[in-house]
Amino acid sequence: MSAALLVTDFDGTLTERDFYQLAVGRLAPPDLPDHWADYRAGRTTHFDALAAIFASIRAVDEQALLELAHDMGLQPDLAEHVGRLRDGGWEVAVVSAGCGWYIERLLGSAGVDLEVHANPGEFVPGGGLRMRRPDDPRFRSHELGVDKAAVVRDALRRVPTVAFAGDGDPDLAAARLVAPTWRYARGDLAAALDEEGQPYQPFARWSEVVDGLLARGDTTGVATPHPDEEAGHRG
Ligand SMILES: [Mg+2]
């Protein structure tokens with residue numbers, strides 16, 4: 001067990017683009033109902049909106065879906081960045097309300113082996129992705145499928161220092177749990193934290209999170225309480 005753990009979102013955080021947005025733009029039927037608007041308006045859960053979009057995908061074969069995943073723009077040189085983190089005493093866990101199907105394939109093609117908490121799913125020949133909520137009740141949420149906050153809470157019990165990086169509203173509850181020093185945000189997550197007056201470290205690319213964490217020193221330095229750490233811990 002490492003002394004420090006970075007829990008990171010996947011879509012839009014470890015990648016430039018979200019899988020669902022690419023899927024809607026390229027592989028979904030033109031008459032697809034606006035499931036995302038339904039989620040935004042509170043008429044359906046985040047999980048059910050994503051699952052409906054993924055199920056509507058019409059991919060000729062698995063390769064077409066894989067190409068879509070590659071176009072998400074995974075952080076370049078990911079293996080090197082993860083190696084740098086591990087040398088500095090950090091382990092990395094992915095927590096995603098998206099589907100493990102593309103996350104595991106992208107990480108595999110980058111030669112990276114990480115703990116992944118995501119919604120399980122499989123490719124349906126001639127169709128899209130069939131996604132389901134996780135089996136493990138400890139990390140299962142009706143709203144997101146994967147309970148991101150529960151993953152972070154569990155990490156805080158086991159690991160002296162926990163950082164979080166994310167870009168979306170589904171990341172907010174998890175981001176609130178870590179100290180501002182270790183809270184990395186961009187996009188909708190940054191806007192939501194701004195609205196709450198909660199400090200965070202901004203980033204544009206995931207590699208900047210790596211640089212930021214490592215700039216704070218080795219594992220010993222990492223475990224040293226930061227002045228604003230107390231204020232950041234909640235729950
Ligand atoms: Mg995201």
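Here is a short chat about the predicted model shown above.

Q: What should I know before I start reading residue numbers?
A: Residues are numbered from 1 along each chain as its sequence is written. This is a predicted model, where local features need pLDDT of at least 70, side-chain atom pairs count only at pLDDT 80 or more, and totals for chains, interfaces and linings use all residues.

Q: OK, and what's the mean pLDDT of the chain?
A: The mean is 91, and 91% of the residues reach 70 or more. pLDDT is the predictor's confidence in each residue, from 0 to 100.

Q: Where does the pLDDT fall below 50?
A: That happens over residues 220-235. Beyond near neighbours in sequence, this stretch has 27 contacts in the model, a contact being two residues whose C-beta atoms, placed from the backbone, lie within 7 Å.

Q: New topic: how many helices and strands are there?
A: Twelve helices and ten strands. Helices (H or I, at least four residues) and strands (E, at least two) are DSSP runs, numbered from the N terminus.

Q: How do the strands in the open sheet line up?
A: Six strands go in the order E3-E2-E1-E8-E9-E10, with parallel pairing. Two strands pair if DSSP finds at least two bridges between them.

Q: Which ones stand at the edges?
A: Strand E3 (115-119) and strand E10 (201-202). Each has a single partner strand, so one side of each is left without a neighbour in the sheet.

Q: And E8, is that buried or exposed?
A: Strand E8 (residues 161-166) is mostly covered, with six of its six residues buried. Buried means 20 or more other C-beta atoms lie within 10 Å of the residue's own (exposed is 12 or fewer, partly exposed is in between; C-beta atoms are placed from the backbone).

Q: Which way do the E8 residues point?
A: Thr161, Ala163 and Ala165 point one way, while Val162, Phe164 and Gly166 point the other way.

Q: What does E8 pair with?
A: Strand E1 (residues 4-8) pairs with E8 in the parallel sense over five bridges, and Ala4 has Thr161 as its bridge partner in E8. Strand E9 (residues 183-185) also pairs with E8 in the parallel sense, over three bridges, and there Phe164 stands opposite Arg183.

Q: Which residues touch the most other members of the largest nonpolar core?
A: Val7, Val152 and Phe164, out of 64 residues. A nonpolar core is a set of buried Ala, Val, Leu, Ile, Met, Phe, Trp, Tyr and Cys residues joined through C-beta atoms within 7 Å.

Q: What does Phe164 touch?
A: Not counting residues up to four places away in sequence, its contacts include Val7, Val152, Ala174 and Trp182.
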